[in-house]
Each structure stands twice: as C-alpha cells, then as structure tokens.
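Trainee: I have a model open and would like to learn how to read it. Please take me through it one feature at a time.

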Amino acid sequence: MAGKKVVLTRSSSQMAELKHLLRKEKAEPLEIPLIKTNPPGDWSEVDRAISNLSLFSVMVFTSRNTVRFFVERVKQQNAVSSFSRALIAAIGLKTAEELERYGLKVDIVPKNAHAAEELRDEILKKVSVKGKKILFPRAKEGRSVLIEGLEQEGAKVSQISVYETVSDPLGQSQIQKLMRDQESVDWFTFASGSAVRSLMEVASKEKMASWFQEASIRIAAIGKVTQGTLQEWGLEATVVAETPSGEDLVRSMVDYERKKQNGSSILQG
C-alpha cells in the first residue's frame with residue numbers, strides 16, 4: 001500500500017481509525033467525506049421511548065452512531081439506570097465497544113456479524129421474543145430486515161430514528177474536482193450504502209462507472225450490503241472486508257496489492 005492514494009468517504013467523525021490504519025501501511029489517505037450525520041429535527045418520539053425504557057425486554061444497536069446519538073440523549077434525560085432492565089444486543093464488536101465505553105453491558109453480539117440478518121439470528125437464539133417489547137434505535141434511512149425478522153417471531157418492535165445520514169456537499173464538490181482535474185487515485189473505500197448513493201449524486205451512473213474504469217480506481221467495501229449498493233449503481237467492489245471493521249477493510253486492500261505485486265514479479269521474472 002506504500003504510496004497508494006486512498007479516498008475515505010465516511011463522515012469526518014469516523015475517519016480517524018481508518019486513516020491511522022492506512023498510514024501504518026504507508027498509504028496516503030485522502031479525506032473526502034460524502035456523508036454526515038445529523039440529529040433528528042424532532043426528539044419527541046425518542047423522548048417518549050426513553051421515558052418508557054423499563055418496558056422493553058431487548059434493546060438493539062446496529063452502529064456506533066446509533067449508540068452515541070441515543071445514549072447521549074438518554075443521559076440528558078437522566079435515564080441511564082433504566083438500561084439495566086433490558087438485554088442489550090449489538091451488531092458487532094465495534095458497536096459493542098461503543099456501548100461498553102458508556103458503561104453498558106452487552107448481552108448479545110454475533111461472532112461473525114456481516115449484516116442485520118446475523119444479529120437477528122443471534123437474538124432469536126438467545127431470547128424467546130414472542131410478545132416481548134424490543135426497542136430499535138436506528139438511522140432514519142436504516143434497513144428493515146432485522147425488524148421484519150423479529151416481528152415474524154411475535155416481537156413487538158418499536159423503531160425510533162435517532163439520527164439521519166445526509167449527503168455532504170463539500171465532499172461531493174471534492175469528487176467533482178478529482179474528476180475534472182483527472183487527479184490520480186488508487187482506491188476508494190466505502191463503509192455504507194449512503195456514501196455510495198452520495199457519490200452517485202455527483203454524476204450520471206454511466207459517467208461515474210466510466211471514470212472508475214478509465215482511471216483504474218479500485219474499490220474496497222466494508223461488507224456485503226455496501227457491495228450490493230455499489231452493484232446497483234454499476235460499480236464493482238475490488239475487495240470486500242470479511243467483517244465490518246476498518247482492520248479487515250485495510251487488510252483486504254493490503255492482501256490484494258500484495259498478490260498483485262507478486263503476480264507482476266512472477267511475470268517479469
């Protein structure tokens with residue numbers, strides 16, 4: 001990865017870890033946030049759920065953003081003690097770590113989480129959800145697979161939007177400049193479908209796909225869901241991280257470059 005220019009498309013607040021990992025590999029990270037997270041315009045729905053936290057048997061968290069926005073609001077309402085009455089489920093280790101950073105005990109976390117489906121299955125293994133009330137704080141534009149799966153088993157799921165992801169105009173203008181100036185870039189990293197969709201607002205599907213192909217830009221996706229969104233927009237992920245973590249994302253890129261380099265060496269030999 002030495003000398004490779006890698007575009008980071010996550011929101012600015014989530015770039016630090018990935019930047020650090022890439023710099024350890026001697027890569028050159030380029031910060032171009034294509035999305036940003038905003039609190040809800042109206043907290044009333046969230047506040048009603050917080051006032052009734054003791055009624056929920058399970059609370060489900062599917063991202064670090066969800067943890068931060070929701071738990072900070074709970075703290076403002078002085079209701080943190082109500083968490084002790086429910087089991088807490090996290091989609092993966094990073095989300096679990098964020099919950100633990102707030103002093104919350106995580107009861108359910110899949111060993112190999114790639115998407116909501118794994119978390120759903122893990123919850124159903126650990127809890128009989130029929131008739132139980134489950135609280136699901138989420139992004140406004142989140143997927144419904146998890147909710148549908150739990151409701152099919154008889155759970156009563158209350159979903160509340162604790163933040164929304166929107167396109168970042170500044171990042172989009174930076175992409176336009178890259179395309180216009182034909183600046184050399186080796187990799188784009190995507191950690192969410194939202195970032196992919198924001199990218200596609202910059203130019204037509206055909207023009208964007210043509211730029212990636214002609215400029216030989218490789219794409220690293222953090223999971224299968226993001227890979228699927230890329231495919232919907234005519235882009236193919238060069239590598240897909242085995243788990244939704246920055247470590248695996250960078251590892252997959254390093255492995256690809258190493259294999260490519262070894263293949264070139266064999267051909268030259």
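Trainee: What should I know before I start?

Mentor: This is a predicted model, in which local features need pLDDT of at least 70 and side-chain atom pairs count only at pLDDT 80 or more, while totals for chains, interfaces and linings use all residues. Residues are numbered from 1 along each chain as its sequence is written, and side-chain values use heavy atoms, with hydrogens and water left out.

Trainee: How many helices and strands are in the chain?

Mentor: The chain holds 11 helices and 10 strands. Both are DSSP runs numbered from the N terminus: helices are H or I with at least four residues, strands are E with at least two.

Trainee: What does the radius of gyration say about the chain?

Mentor: The radius is taken over C-alpha atoms, and the globule rule is 2.2 Å times the number of residues to the power 0.38. For 269 residues a compact globule would come out near 18 Å, and the chain has 20 Å, which agrees. Along the principal axes, the C-alpha atoms fill a box of roughly 65 × 40 × 30 Å. As for burial (under 20% relative accessible area, with exposed over 50% and partly exposed in between, using a 1.4 Å probe and protein chains only), 48% of the 269 residues count as buried.

Trainee: How do I read a sheet?

Mentor: Strands of a sheet pair through backbone hydrogen bonds, either parallel or antiparallel. Here two strands pair if DSSP finds at least two bridges between them.

Trainee: Which strands run antiparallel, and over how many bridges?

Mentor: S3 and S7 (residues 156-167) run antiparallel, joined by four bridges; Lys36 stands opposite Val166 there. S6 and S7 pair in the parallel sense over seven bridges, with Phe136 opposite Gln159. S4 and S6 also run parallel, joined by two bridges, and Val58 faces Ile134 across that pair.

Trainee: Is S6 enclosed or open?

Mentor: Six of the seven residues of S6 are buried, so the strand is largely enclosed by the rest of the structure.

Trainee: What is the order of strands in the other five-stranded sheet?

Mentor: That open sheet has the order S2-S1-S8-S9-S10, with parallel pairing. S2 (28-31) and S10 (239-240) stand at the edges with a single partner strand each, so one side of each has no neighbour in the sheet. S8 (residues 187-190) and S9 (residues 218-221) pair over four bridges, and Phe190 stands opposite Ala221.

Trainee: How do I read a core?

Mentor: In soluble globular proteins, nonpolar side chains tend to be buried together. A nonpolar core is a set of buried Ala, Val, Leu, Ile, Met, Phe, Trp, Tyr and Cys residues joined through side-chain atoms within 4.5 Å. The largest one has 28 residues, and those with the most contacts inside it are Phe61, Phe70, Phe83, Leu99 and Leu135. Its largest share, five residues, comes from H3. A second, separate core of 25 residues includes Ile32, Leu34, Val185 and Phe212.

Trainee: Which residues is Phe83 in contact with?

Mentor: Contact means heavy atoms within 4.5 Å. Leaving aside neighbours within four places in sequence, Phe83 touches Met59, Phe61, Phe70, Val71, Val74, Ile88 and Leu104.
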